[in-house]
Amino acid sequence: MNDLALPHTGEAAAAPVAAAPQRRRLSLAYLQAAPLALVFLVFLVVPLLLTGIVSFWEYNEYAITPALTLQNYADVFDGCLSADLCTTIRTYLSTVKFVALTLAITLPLGFAIAYFLAFHIRSDTVRMGLFLLCTIPFWTSNVIRMISWIPLLGRNGLVNDTLRSLGLIKAPIEGLLYSDFAVVLAFVHLDTVFMIVPIFNSLARIDRSLIEAARDCGASGFQTLWNVVLPLAKPGIAIGSIFVVTLVMGDFVTVGVMGGQQIASVGKVIQVQMAYLQFPAAAANAVVLLAAVLLMILGLTRMIDLRREL
Amino acid sequence: MNVELIGLTKRYGAAIAVDAIDLKVPSGAYCCLLGPSGCGKTTTLRMIGGHERASAGDVVIGPKAVGDAAPAERGTAMMFQSYALFPHLDARDNVAFSLRMRGIGKAERRAKAMAMLDLVQMGHLAGRLPAQLSGGQQQRVALARALVTGPKVLLLDEPLSALDPFLRVRMRVELKRIQTELGLTFIHVTHSQEEAMALSDLVVVMNAGRIEQAADPRTVFERPATAFVARFIGGHNVIRLPDGMIAVRADRMRLGAEAGPEALPARVVAVEYQGTSVHVGLDADGLERAPDSSAALTAVLSDADFAARPLRPGDTVPVGWDEAAAHRLDA
């Protein structure tokens, strides 16, 4: 009887002993995640909540008063129900146009560069060197980078002078600077690297034997690219696109400087309202912008189940 | 179709991976390229399949030299070591992939893919992604994918090495069944002599980029051509005599009273019980150990013989062999 009972008590005693380390491991995991969670809470969640709250406040020329009014949102969409496009819609369309143009250029460009880095460069040292080369646009401050475009693209800048001395053009090309072209050029210059890195990451994880298997199955180079490489690069493409969409949607400096302060953008509108201390109006615009960007990202993730792919 | 290699060579810079090998694999044969890692067997296979360009020499498949032809134009199909299934396609689309690349219509390629999956008994899991399949199941899909275009020669790169031992034996039977059923030429790379013995009609033992011996399994085991072959396929003692090297099968060694008049006194250094047999490791004066073995000689005794006269490490026992069992080696 004793023999049978003994292991029983042993088991019963063992259970809580086993549970305690597991609990400790779990609390340790929470502890490890806590610093980042705290940073997110203080610097992301709280400011967002405050922005949301302020967007319902009232303001006039000399005062901001806490209230619960939808007037700021009404102002954002003022006139949007009429036949012609209101300012907000037109501003958004202009910004979305830049998003589309930037995506249309950075995506193939970033993919091509990432493909080259992942599949054609054999040496890790060379690859690191080329990656550093991609980050050159970030080696100087934003202001200096923007100003540097002027001697290059200006009416008497390097490009126009060179073309003229080569005899290719008679009068300088006007649209190089302070135009849609200049804005897109600056976006591509800055944001391509955000496309390269995640796509490279996806491509680097593709097993090389898959490419050989495709060749063995009789796929041509293009068929392999289209049917094997591209589908497997989708997570990287989605992440890179999210970077580009959020960067371009929220931008106000690039559009301002490269557009010669003549081109509207959503970020610019918010910045101007902030400058005039119309914080509730700026907050309402920011909330609308946030919603728009979230919708775009939602659309992107709909195309690709990111959680599964990661 | 028969496959012939003529002076096939692969150089990487100054290093020679495959050194001018000649080989004839008859049509419908199961051929195993056997050797330690780095012996050039996989490189040879990849050159046959068109995944590696030969530095010199020719691969002849059926009536014509294939030269630098693309894999799909050679009539070969390759099964990769890691299976290389496309992770974004389900089993059926993986199998149908090469048909899709050839522009075959959806209904036809799906029907063909399903027939192939049924052949490897994977029809019921056609809708699963590779990540949802076990290693053995992935391998069956990879086999179906390789077979779907009707190749004449199937190239298998260590197909069983990623499976657990039990599954390995089952898949081995399966491979042999499919090879016999379809009457294809299989060229199978492996480093396991057991696998090569069990499967092949033709065993090609390779070492350092050269072929040491190419023969049927029985010949390779009964009459190994070189000391390397005798050691690599195992079950042999390689003994250096004054007038050359001989190989004696470990189960033909004689211990104790049967050892004969020319017996050497030997020390027992290891005794391993294996169930039906017992492996006895022996050291004797004047016999050196092979580089990576723990005893100069191994004698395999039946369990009954061993039980009748047990030995312990440290015992001394006379050891000899039948003159008829000694096989002279070339090098």
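Figure 1. Chain B contributes 21 residues and chain A contributes 16 residues to the contact, where contact means heavy atoms within 4.5 Å. The size of an interface is often given as the accessible area lost when the parts come together. Here the two chains bury about 1600 Å² between them, 60% of it on carbon and sulfur atoms; buried area is the accessible area (1.4 Å probe) that two parts lose on being put together, summed over both. Of the area that chain B buries against chain A, F86(B), H88(B) and M101(B) supply 31%, more than any other three residues. Residues are numbered from 1 along each chain as its sequence is written, and chains are lettered from A in the order in which they are written. Because the model is predicted, local features need pLDDT of at least 70 and side-chain atom pairs count only at pLDDT 80 or more, while totals for chains, interfaces and linings use all residues; side-chain values use heavy atoms, without hydrogens and water.

**Figure 2. The salt bridge between R46(B) and E212(A).** The closest N and O atoms of R46(B) and E212(A) are 2.6 Å apart. One salt bridge is counted between chain B and chain A (a side-chain nitrogen of Lys or Arg within 4 Å of a carboxyl oxygen of Asp or Glu). On the side of chain B that touches chain A, α1 (41-49), β6 (76-79) and α2 (91-101) of chain B each supply at least two residues. Helices (H or I, at least four residues) and strands (E, at least two) are DSSP runs, numbered from the N terminus. The largest share of this side, four residues, comes from α2(B).

Figure 3. Eight of the 11 residues of α2(B) are buried, that is, under 20% relative accessible area (1.4 Å probe, protein chains only). Among them are N94(B), F97(B), L99(B) and M101(B). After α2(B) comes G103(B), with a positive phi near 75°.

**Figure 4. The fold of chain A.** Chain A has 13 helices and two strands. Its radius of gyration, taken over C-alpha atoms, is 27 Å, well over the 19 Å that the globule rule (2.2 Å times the number of residues to the power 0.38) gives for 310 residues, so chain A is more spread out than a compact globule. The C-alpha trace of chain A spans about 105 × 65 × 40 Å along its principal axes. Buried residues make up 35% of the chain.

Methods. Buried means under 20% relative accessible area, exposed over 50%, partly exposed in between (1.4 Å probe, protein chains only).
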